[in-house]
Amino acid sequence: MKEDLASLLKDFTLANPLKEYEEKLDNVHLHVFVLRIKKHRFPALFLMINASDRKLLNLSVEDPFDREPCIYRISMGIPDTLLSFYRRLFGEVDSVSSGIFRMPLRVKVLRSAGDKTWLRKIFLQERVKGEEFFLFQERISNGHLQKLFDLLNSRLKLILKNEGIDVFLDLPEWVERDHVSLLHEIGVLLRKKENIQPAQNPEERTFLSLRISYDRFFEEDFDLKSFVESFLDRLKKIYEATISMI
């Protein structure tokens with residue numbers, strides 16, 4: 001993956017909009033131009049360019065435009081090579097955006113390629129601050145990356161966040177309408193027993209959400225699809241036993 005990103009950077013040139021906005025920024029060297037490609041629920045591919053024309057191409061779990069304030073939105077064409085690469089990975093592109101941000105960008109990065117000096121500087125700054133955003137990629141093996149890509153092609157309703165993988169469970173067909181609140185309370189107790197946090201901003205029809213940490217997801221013997229199936233099976237058994245006593 002890193003080699004693929006590096007190869008992409010060699011195939012196109014892009015004008016640096018930072019030069020046009022230099023007088024509008026308090027310190028142009030603390031800012032970057034970002035061009036981002038995204039499919040909903042899937043990783044973001046984004047290009048960063050700094051004031052010295054150094055470039056980094058990154059694949060991140062979250063969209064920088066969702067996580068950080070964009071100072072100036074800029075309309076710019078997307079190189080076909082980037083669009084084709086993203087479609088090969090994830091099938092389609094839902095949106096593209098570009099603009100100027102102030103560093104640092106706090107999105108967990110799966111892979112980076114480009115100016116090594118700049119990347120090492122970002123790594124050092126995060127180590128000093130005790131943060132893990134771009135540094136996240138150092139503990140993500142190719143096997144981990146493939147496991148994540150396989151999950152994205154599953155039928156689970158999920159979204160990748162910096163904090164973990166948010167899984168949204170729809171209301172099961174086997175629950176009676178009058179018992180929805182009861183099922184939710186049982187689910188919350190079972191979630192606590194598993195030491196799992198809820199996801200933020202659950203979607204419509206979601207009766208319960210699970211936030212699975214990356215540490216847990218990347219454990220060799222952990223399979224998220226099997227875990228969710230087991231969780232729902234246990235939930236149903238507890239629900240049926242509770243209903244029988246009412």
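Mentor: What follows describes the pocket, and then turns to a helix and a loop residue. The model is a predicted one, and the values given here are computed from it.

Start with the space itself: the largest pocket holds about 380 Å³. Its lining is made up of 16 residues. Those nearest the centre are His29, Met103, Trp118, Lys121 and Gln125. Two elements, β1 (31-38) and α4 (116-129), each give two or more residues to this lining. Of the elements, α4 contributes the most, with five residues. By kind, the lining of the pocket comprises seven nonpolar residues, five polar ones and four charged ones. As for how such space is found in general, a probe the size of a water molecule is rolled over the atoms, and this shows where empty space is left.

Next, the helix. Helix α5 covers residues 142-152, and its buried residues are Leu145, Leu148, Phe149, Leu151 and Leu152. Viewed down the axis of α5, these buried residues fall within an arc of 160°, so they line one face of the helix.

Last, the loop residue. Glu194 sits in the loop that runs between α6 (180-193) and β9 (206-212). Beyond its neighbours within four places in sequence, Glu194 is in contact with Arg216, Phe227 and Arg234. With Arg234 there is also a polar contact, in which the side chain of Glu194 meets the side chain of Arg234 at 2.7 Å.

Definitions and conventions. Residues numbered from 1 in each chain as written. Predicted model: local features only at pLDDT ≥ 70, side-chain atom pairs only at ≥ 80, totals over all residues. Heavy atoms only, no water. 1 Å grid on protein atoms, 1.4 Å probe; cavity = no way out; pocket = protein on both sides within 12 Å on 5 of 7 lines; lining within 4 Å. Points joined across faces, edges and corners; volume = space filled by probe spheres on them. Helix = DSSP H or I, 4+ residues; strand = E, 2+ residues; numbered from the N terminus. Nonpolar A, V, L, I, M, F, W, Y, C, P; charged D, E, K, R; others polar. Buried < 20%, exposed > 50% of the residue type's maximum accessible area, 1.4 Å probe, protein only. Arc of directions from axis to C-beta. Polar contact = N/O pair within 3.5 Å; in protein donor to acceptor, adjacent residues only side chain to side chain. Contact = heavy atoms within 4.5 Å.
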